[in-house]
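Dear colleague,

Please find it directly below, followed by an account of what was found in it.

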Amino acid sequence: MDLLCWCLFFMSCLQTLSAHNDFFTSIGQMTDLLYTEKDLVTSLKDYIRAEENKLERVKRWADKLDLLTATATQDPEGFLGHPVNAFKLMKRLNTEWGDLESLVLSDTTDGFISNLTIQRQYFPTDEDQTGAAKALLRLQDTYRLDANTISVGNLPGVKHKSHMTVEDCYELGKIAYSEADYYHTELWMAQALKQLDEGEQSTFDKVTVLDYLSYAIYQQGEIERALGFTKRLLELDPEHQRAKGNSKYFEFQLEKQRKALEVETEKQKERGKRETSEKKKPKEKKPKEKNPKHQIPERTKYQMLCRGEGIRMTPRRQSRLFCRYYDNNHHPMYVLAPVKQQDEWDRPYIVRYLDIISDKETERVKQLAKPRVSCVATISQDLKWTLKAKYDGLNQRQYEPHFDFGRKDEPDAFKELGTGNRIATWLFYMSDVAAGGATVFPDVGAAVWPQKGTAVFWYNLFASGEGDYSTRHAACPVLVGNKWVSNKWIHERGQEWRRPCGLSENE
């Protein structure tokens with residue numbers, strides 16, 4: 001019997017992380033929030049109609065009395081000389097104005113407020129909003145998107161274009177500011193300012209935006225630019241106390257830098273004069289680095305691969321990758337209907353199986369999963385597709401390069417399962433993705449892209465049982481769309497006769 005471990009992931013273009021409890025909000029949950037908001041809008045419209053009806057009644061009363069009092073005050077004595085008019089005046093003031101007061105004071109908000117109170121318990125928290133902002137900033141960095149591209153909604157493969165307002169840009173910049181992320185603060189406050197300069201109406205003014213923008217630029221060491229924006233702020237609000245103080249401080253720092261530069265220039269001139277009067281020894285040439293690519297940080301390589309850059313597959317190696325019909329050594333199940341198999345990568349060997357999971361099976365898995373998927377990624381050991389959270393820390397790990405196998409410094413990684421280490425990984429793609437969502441292998445420069453109905457397979461261990469460190473991989477964030485993917489890990493126990501142990505370490 002194969003000892004397997006199933007895992008289902010559901011990833012969206014906006015994975016939101018709560019810093020408080022490491023909770024990711026899935027598209028499934030956000031879909032529910034959309035319907036919640038739709039229900040609230042319906043309730044709000046009911047309230048508006050009730051208010052409009054009340055105001056219409058008040059308006060009719062006011063119009064009637066306006067006409068009556070206009071006539072009566074032209075000849076008060078003559079008007080009140082009619083006994084009916086006198087009676088009706090007493091009646092109006094004693095009774096009808098009281099009725100009008102009750103109408104005006106009547107509360108039509110009960111239904112709406114009650115509904116809002118009930119639904120509020122399902123609303124996102126401040127942590128959720130911050131997480132959503134961080135997710136958007138992560139996408140911006142990973143896919144090298146400028147703020148304007150995101151703001152106007154020009155994303156690849158997008159169906160529902162969405163424009164960001166000045167308020168949206170400001171809020172994103174403010175969240176970055178609260179995290180001391182001055183780089184993104186500058187990007188989004190600059191975008192907010194750009195849209196204000198273009199004439200967009202907003203509850204935020206340029207003074208507020210410039211205040212954040214100049215400080216964020218200063219924090220990045222660009223004092224001259226910070227001073228420029230501060231002066232622009234003072235042109236709009238000459239009495240802005242913080243800006244006045246900052247302006248003086250920035251000017252002082254720039255003068256200090258200018259003097260320090262003059263001193264350093266003089267020192268360099270003196271050194272130059274001394275060197276020309278002395279015989280200089282020939283400088284030794286430093287050897288050039290043979291492999292500068294290896295110096296690229298893993299994070300940078302990861303982001304490049306997510307964008308489809310830096311894939312290290314030569315034409316010669318590419319020519320050795322093939323596609324074929326696979327029958328698993330004439331297995332009776334596959335002799336008449338072999339599966340389509342295509343090579344994705346050579347080292348490590350990654351293969352893709354096409355049309356391996358049907359649309360019907362995919363939908364069945366989704367329907368079973370949706371009620372139970374309470375976060376973007378959960379793990380399950382249940383072979384009946386029942387999903388429940390198993391391992392803490394998975395949320396962060398899926399978006400950071402990691403190994404699927406337990407390393408030598410993790411001897412107890414799968415001890416509680418009693419199944420041994422993970423020999424191999426199956427990755428089933430149950431959806432296409434409009435943009436992003438690749439699985440990348442930074443150490444070897446490989447990228448595998450989602451394709452609905454297919455599955456990719458690779459060995460995590462050599463036949464000797466040693467880990468294949470070239471399988472270090474990570475999921476790229478989904479830029480546009482949704483990503484349904486299911487993992488199936490094959491463990492050592494039960495595989496002894498199907499994959500006998502090798503004799504050499506890397507066999």
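In this predicted model, helices α5 and α8 pack at an angle of about 90°, with their axes 12 Å apart. Axes here are lines fitted to C-alpha atoms, for helices over the stretch in contact, and angles run from 0 to 180 degrees between N-to-C directions. α5 is therefore roughly perpendicular to α8 (angles under 35 degrees count as roughly parallel, over 145 as roughly antiparallel, 65 to 115 as roughly perpendicular and the rest as oblique). On the α5 side the contact (heavy atoms within 4.5 Å) is made by L137, Q140 and D141, and on the α8 side by Y183, H184, L187 and W188. Four of the residues in the contact of α5 with α8 are nonpolar, two are polar and one is charged. In this classification Ala, Val, Leu, Ile, Met, Phe, Trp, Tyr, Cys and Pro count as nonpolar, Asp, Glu, Lys and Arg as charged, and the others, Gly among them, as polar.

Some conventions apply throughout. Residues are numbered from 1 along each chain as its sequence is written. Because the model is predicted, local features need pLDDT of at least 70, side-chain atom pairs count only at pLDDT 80 or more, and totals for chains, interfaces and linings use all residues, while side-chain values use heavy atoms, with hydrogens and water left out. Helices (H or I, at least four residues) and strands (E, at least two) are DSSP runs, numbered from the N terminus.

The chain as a whole holds 16 helices and 15 strands. Of its 507 residues, 38% are buried, where buried means under 20% relative accessible area, exposed over 50%, and partly exposed in between (1.4 Å probe, protein chains only). Among contacts between residues at least 6 apart in sequence, 71% join residues at least 24 apart.

To return to α5, its 17 residues should span 24 Å at 1.5 Å a residue, and its end C-alpha atoms are 24 Å apart, which agrees; the expected span of a helix is 1.5 Å times one less than its number of residues. The buried residues of α5 include L137 and Q140, together with D128, G131 and A132. After α5 comes R144, whose phi is positive, near 50°.

V166, C169, Y170, L172, G173, I175 and A176 are the buried residues of α7, and they pack against α5 (126-142), α6 (147-152), α8 (182-197) and α9 (206-219). A180, with a positive phi near 60°, follows α7. Y177 also lies in α7 and, at 28% relative accessibility, counts as partly exposed. Leaving aside residues up to four places away in sequence, Y177 touches Y182, T185, Y212 and Y215. Between Y177 and M189 there is a separation of 12 residues in sequence and of 9.9 Å in space, C-alpha to C-alpha.

Turning to the strands, two strands are taken to pair if DSSP finds at least two bridges between them. An open sheet of three strands has the order β11-β10-β13, with antiparallel pairing. Its edge strands are β11 (446-448) and β13 (474-475), each pairing on one side only. Three bridges join β10 (residues 439-441) to β11 in the antiparallel sense, and V440 stands opposite A447 in β11. Helix α12 (residues 298-306) packs on this sheet and touches β10, β11 and β13; the direction of α12 makes about 135° with that of β10.

Strand β5 (residues 339-345) is mostly covered, five of its seven residues being buried. β5 runs antiparallel to β4 (residues 323-326), the two being joined by four bridges, with Y326 opposite V339 in β5. β5 also pairs with β6 (residues 350-354) in the antiparallel sense, over five bridges, and Q341 has Y353 in β6 as its bridge partner. Four residues lie between β5 and β6 in the hairpin that they form.

Finally, strand β15 (residues 482-491) has nine of its 10 residues buried, so β15 is largely enclosed by the rest of the structure. β15 pairs with β8 (residues 422-429) in the antiparallel sense over seven bridges, and the bridge partner of F428 in β15 is S486.

With kind regards
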